Amino acid sequence: MRWGMVINLAKCTRCHGCIAACRIEHFLPLRMTWPRLIALETDDGFSVDVSTYPVRCNQCKEAPCVEVCPTEASYKREDGIVAIDSNKCFGCRYCVIACPYQNRTYLSRKRNPNYFPEHAKTGFEKKGKQIYPHQVGTTEKCNFCMERIDAGLAKGLKPGIDREATPACVNICQARALTFGDLDDPNSNVSKLIREKNGFVLHDEYGTEPSVYYIDYKLGGAPSNKAPIEAQTGSHIQHLSSVYAPSKEKLAKKNAD
Amino acid sequence: MNARTARQWMVTHEWMIKPMAQTEWISGKGLLVWWAEVFSALGTGLYLVSIFFALREEFAVTAFWAGILGWIGIAIFKLPLHAFYLGKWYRFWRAFPPFSKAWRTSWFARGIVMTMIFLVFGAIQLILQGLIAYDVADSSGVWAANYVFMVLAGIFGVMTAVYCGFAMSYCKSVPFWNTGLLPIVFLLMGVADGLALIMGVGMVTGEDVIPTAESATRILLIVNALLIIMYLVNANYQSATAELSVKELVRGRVAWVFWLGIVLLGIIVPLVVSVVSYFTGEEASTGLLVFAIICHTIGAFSLKYGVLKVGIYRPILPKGRAY
Amino acid sequence: MANREVIYSTCKSCHGGCGVKVTKEDGVIVHIEGNPNSLTGGTMCSKGLSSIQHVDNPYRLKYPMKQVGKKGTGKWKRISWDEALDTIEAKMRDAIDNYGAHTVAISQGTGRGYNRYTHRLARSLGTANIITPGYVCHSPRLGLYGLVTGYGRLYCDYHGWGGEFPKTNIVWAKQLEISSADSEMCYWFMKSLDYCKNFIVIDPRASAYATRATLWIQPRPGTDCALAMGMMNVIIEEELWDKEFVDNWTFGFDELRERVKEFTPEKVSEICWIPKEQVIEAARMWAIDTPGCIQVGSSLERQANCGHTLRAITCLMGLAGNIERPGSMISWVLPETGLIEDVFLELPYTDEMRSHVIGIDKYKMGAARTCNPDTLVKKVIAGEAPIKVWFSVGGQQIVHMANTKEVVEAIEKVEFMVHCDLFMGPMCEAADIILPAAHWLEIDDIYDMHPRFMIEAHNKVVDPPGEAKSDHWIFNEVGKRINPEAWFESEEKSLDHQLRKGGLTWEKFSENLVSGCWGPDQVYYKYKTDYWKEGGGFPTPTGKFEFHSNHLESLGYDPLPVYNEPGESPVSRPDLFKEYPIVMSTGFRQPWYFLSQYRNIPWLRSFMEFPQCQLHPDTAKQYGVEDGDIIWIESPRGKIRQKLHVFPGIKKGVLMATANCFYPEEPSEGYHGLMISNPNVLTSNDHLDPMYGSPDLTCLLCKVYKAKDEELTEEVFRSEEYGFVPPKDEED
Ligand SMILES: Nc1nc2c(c(=O)[nH]1)N[C@H]1C(S)=C(S)[C@@H](COP(=O)(O)OP(=O)(O)OC[C@H]3O[C@@H](n4cnc5c(=O)[nH]c(N)nc54)[C@H](O)[C@@H]3O)O[C@H]1N2
Ligand SMILES: Nc1nc2c(c(=O)[nH]1)N[C@H]1C(S)=C(S)[C@@H](COP(=O)(O)OP(=O)(O)OC[C@H]3O[C@@H](n4cnc5c(=O)[nH]c(N)nc54)[C@H](O)[C@@H]3O)O[C@H]1N2
Ligand code: SF4
Ligand code: SF4
Ligand code: SF4
Ligand code: SF4
Ligand code: SF4
Ligand SMILES: [Mo]
């Protein structure tokens, strides 16, 4: 089992929803951001490319950040997630520099003012201090929402399929640009996407073997516009309360077509 | 670009499309890292030179005091500076075995372990050296023991001197550092610093270390100058980002540190002083020597500053401009 | 053990509509995410999520206050709700009794789920001088769809309920993927793209999906009508139109055929500054690969030729038969609760009210049920429109209307103004009394903006801060004081009233969260059934889809679409073009801001500190400005500063400026930096659409130059602290 994410560059809209979701999920300090978006806007003389690369910790298989960490605060879990034990980290920031994807951020005092710096802490912040404490003087990064995964697995749920066991950013993305699943399972949603859409990783040449893949393609060009049966019957939304059933009279008016 | 626009560039969605310099180890509190690294170079350099001089009985006192100074540089300056830099300094013990097995992969952990071992062996060696220098116990047994500890402390001293270089060169994220030349540059520059400093110690002890030190300095400085040129040329061809670092170093905002600090004060001035004395056959005047030593030390500060400051991350987009 | 509670509701941090799931612990919101059991599948955007920073925001308005100094100086005194409401009642009564009800103006911002109350209040007071941004936002399209098809609310069928998704998707001057819910939720649109064959984006600037589209056309701003005419020309010349539909169900085809004859691809290429092949290609895709949808954006409505542009685009839909078939443009069957507008439609719109509508004599399509705001401004300045009381809820007219200088002048002339808002801002500063409004997480209400196939519930999660009240409550209280018969005993009674057709009470509905009509229950091809008309047909006067409109003709307009140059373009004003050599468009929604809102929300401000404008690298070079510069943008009416984003995705020679911006952190004087970056300082209210009275906001002329450092003296340029972005050398 190795958790991985596939990011669809064709679909990402640069909406920043994933960032907001992560901030909420982990009660991130005001100036701390785990996932980031990188704007790529190029014109090679023939065509223009406007893309947004959502980046977050790649949970590298060969993770330089883990290798350099002198305290073993950064560690790799069985399931491939690279995590930081903030009770062990002593804030040397070696990993911040060594991560070739610049996905680690040191939580300095300046990154940790109140949400409204000239005002008292909001209720959300106060709660956050109890529920998800952050330690100034340590380094942080995306952890693939391992708390959600662990809690979900404990309930017998499937990460990437069941929402409760899936990372917050994946759940929230309106464009459905993020897919989560098991890279070791060749039939998982992520493995299929990587295979079918030629998934690639950032800076393959570093040999870090990231668990975050990207896919990119042109929109449009679909072979058929026929709606699958679930869309036609609305079966996927029939659980919604108070579905309006048209009166017989109106149904009769419905086109026989 | 003024501060305002610089800040604007850090907006998340513009993040890292362009190559950006690392700031963790050079800005704000990161300045401590710079100082620690300088003391690391000066301390180990001086110590290594001291054991070299300790081989000759006539330099025993100088070697002793130079060794002490070097040891102090590491124990009292470098280590605490490093510790103060830590976000949580009181957790420093977490880097040591048996609390951590990180030394197996982490140059940082290794460095700290080696520094500690060096300090232990160095302390023993310095006690022995003191005994010899001040004729307290000048038996062959003491000499033999001193040799043994010299070798041991020397080995760990070298490791202490090079590990920062390895720690930095390990970072694929910063191509300018990501080269095997870096530890060698750091080691040899440290030794050259040590040679300069030991002349100062010699002036105080009155032992005639200067001619020996001068002749070693001459060679070493020329070697170092070549090494630095090689390092820069190599970086220039290694990758576009490293090339950018080189540009920044020789032509950019830190160019004055490079030309004034590293090249002029760190290499040319001491070299000229030593070369002049070589040709005139006379020892340089004390004033001139002190000047050269100060210049050299400024050079040591400049080198570490320059290298840390122009550490530019390789942007993380594969399709972006070819950085 | 902490006491956890989960509450489901509906977000309206934009036009709204995403289902949300909110978790409270010991009374404090600790989590917001999408409700997986909603039509948006549990997804949300950064605006909605950042609501967490709204509810406990120290800058919220908490009490009614009255202005005790000169307007715009920010001297406020807290008053009680009784005093506030008494004063409002007295002023309104005085105006109604002595000058007539039409001297009371009611205004709102863009739709935020309370539109129906605005209109009900106006009608219950007896005035139709309602000021809304509808005429630059959404109304022209509804009006024109209504004119042509008889039913105003045409939507894109992105759902597949009828068995097909759109094969050809046109996104025309719209960034649906981030502006959502102006008609359809972006979530549905983005999903439907998986089934789309041709994806066409018509936008001078690359939106998020433009560079991945099948075809991306970059017309010169303001020339879209010509492009639509050109596409019709190609379809007709190449005989690609839907014969069955056009022959049987449309009116005026031959005249249209005549009209578009001159719009050859060559001519269109010249007008729009695009290759002629693109016109042909787009036309073929649209007409051959049916069904298809056109998602129209409001950039087309912010133009003084909006009426005809939208008419032309609607005709284009008809030509391809993309009306009422699965996967095309459709009018949804309403939920059983009926049309939400019934809440105000049930009050009479009298001839007396109509006769006093400002601008009705001129803008006969737009100023039918609401006034023409730009005419109102001109008239107030001239002393011709005696607006005695202006009751404003949640809109920043002072920011969002064209020609800010004149708007400020007019607003300062209004004798008594009330503004109801969540935060202090320019409109508040211009008011005499401000009323604190509740956030959507703090109210019980019915949400219904778009689309028309469902309504949703806002369920109160936390209490509003201080004495803030829901807009609903405020409307009800004010209304009751003037016209008690037209209002309700309580908010809940009002909600019950609004739900009565569905046999629902608020209590029940609040649990159900949603009431709608979808899936197989929707009805396609209504015109082929008795749905609208016995024996089939459209609910238009001719019973047909009207290429030719007799109604327009009778109002004195051209019955067929016409292309007109924008009022200030390189073609219409070559003289001005010499001095102002860049075509300017404004708008360009950002995903994390909603119009002028959210610059006071740290999480959102962190994404973009200053409003940005875009120029092509070549254009920037030509005028000596660089990426990251704060630049001046100047038009004949004034100049503003924005940060330049050099962007290869924008058409050369075109500038795109972020609209609707002020800076909450700037002082009250100067209305919180109203003049610093707001592009309406540059826009003109002199040239308006003849039908709708819409000003040209997206096609004007400007010039640019770098702002000098010493010109950046305002707080926003100096303050390190308000910038929520970490400084570069940030280590401590
Ligand atoms: N996140 C977010 N969502 C919003 C809003 C917001 O502020 N933020 N505002 C809401 C409101 S009130 C509205 S009205 C809608 C508006 O939503 P949209 O209609 O999507 O509005 P814009 O983003 O202003 O403009 C859409 C596109 O039109 C292009 N454009 C500009 N001028 C022209 C032109 O002359 N011709 C053509 N073909 N294209 C042009 C712009 O480049 C832009 O990409 O969004 C609503 N949703
Ligand atoms: N140049 C240019 N001008 C434009 C546009 C453009 O693209 N270019 N776009 C136009 C368009 S389409 C529109 S719709 C308008 C938009 O203009 P407005 O709708 O006026 O939008 P805002 O300026 O954001 O003002 C909204 C105000 O309502 C408050 N508010 C938000 N929610 C609520 C609520 O629930 N209750 C109450 N009481 N207050 C609330 C906010 O705090 C804010 O002060 O601007 C128009 N002006
Ligand atoms: S939420 Fe999705 S679409 Fe939005 S920025 Fe993140 S990945 Fe892109
Ligand atoms: S992306 Fe960086 S932080 Fe994440 S595992 Fe890889 S090296 Fe470590
Ligand atoms: S900052 Fe913390 S996690 Fe990173 S290397 Fe140092 S101790 Fe390890
Ligand atoms: S996976 Fe979780 S931790 Fe990582 S970016 Fe997404 S929300 Fe944040
Ligand atoms: S799209 Fe609109 S309704 Fe949905 S989460 Fe964002 S702000 Fe809320
Ligand atoms: Mo709008």
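Predicted model: local features only at pLDDT ≥ 70, side-chain atom pairs only at ≥ 80, totals over all residues.

1. Pro140(C) is found in helix α5 of chain C, which covers residues 139-149; helices here are DSSP runs of H or I with at least four residues, strands are runs of E with at least two, and both are numbered from the N terminus. Pro140(C) is buried, with a relative accessible area of 0%, where buried means under 20%, exposed over 50% and partly exposed in between, using a 1.4 Å probe and protein chains only. Leaving aside residues up to four places away in sequence, Pro140(C) touches Gly134(C), Tyr135(C), Glu301(C), Cys306(C), Leu310(C), Tyr692(C) and Ser694(C), a contact being heavy atoms within 4.5 Å. The C-alpha atoms of Pro140(C) and Gly366(C) are separated by 7.2 Å, although the two residues are 226 apart along the chain.

2. Residues are numbered from 1 along each chain as its sequence is written, chains are lettered from A and ligands numbered from 1 in the order in which they are written, and side-chain values use heavy atoms, with hydrogens and water left out.

3. Two cis peptide bonds deserve a look. One runs from Pro97(B) to Pro98(B), with omega near 5 degrees, and Pro98(B) has its place in the loop between α3 (60-85) and α4 (107-133) of chain B. Another joins Thr290(C) and Pro291(C), with omega about 0 degrees, and Pro291(C) lies in the loop between α12 (276-288) and β13 (292-296) of chain C.

4. Which phi values are positive in a residue other than glycine? For Arg176(A), phi is near 50 degrees; this residue lies in the loop between α6 (168-172) and β8 (178-182) of chain A, and is partly exposed with a relative accessible area of 34%. For Phe588(C), phi is near 60 degrees; its loop runs between β22 (582-587) and α25 (602-605) of chain C, and Phe588(C) is buried, with a relative accessible area of 11%.

5. Ligand 7 lies between chains A and C. The residues around ligand 7, meaning those with a heavy atom within 4 Å of it, include Gln174(A) from chain A and, from chain C, Cys11(C), Cys14(C), Cys18(C), Cys45(C) and Lys47(C). By class, this shell has 5 nonpolar, 5 polar and 1 charged residues, where Ala, Val, Leu, Ile, Met, Phe, Trp, Tyr, Cys and Pro count as nonpolar, Asp, Glu, Lys and Arg as charged, and the others, Gly among them, as polar.

6. Around ligand 5 the surrounding residues include Cys69(A), Cys89(A), Cys92(A), Cys95(A), Arg93(A) and Arg104(A). The shell around ligand 5 divides into 6 nonpolar, 4 polar and 2 charged residues.

7. As for chain A as a whole, there are 9 helices and 9 strands, and the C-alpha trace spans about 75 × 50 × 40 Å along its principal axes. Buried residues make up 63% of the 257 residues in chain A. Among contacts in chain A between residues at least 6 apart in sequence, 61% join residues at least 24 apart.
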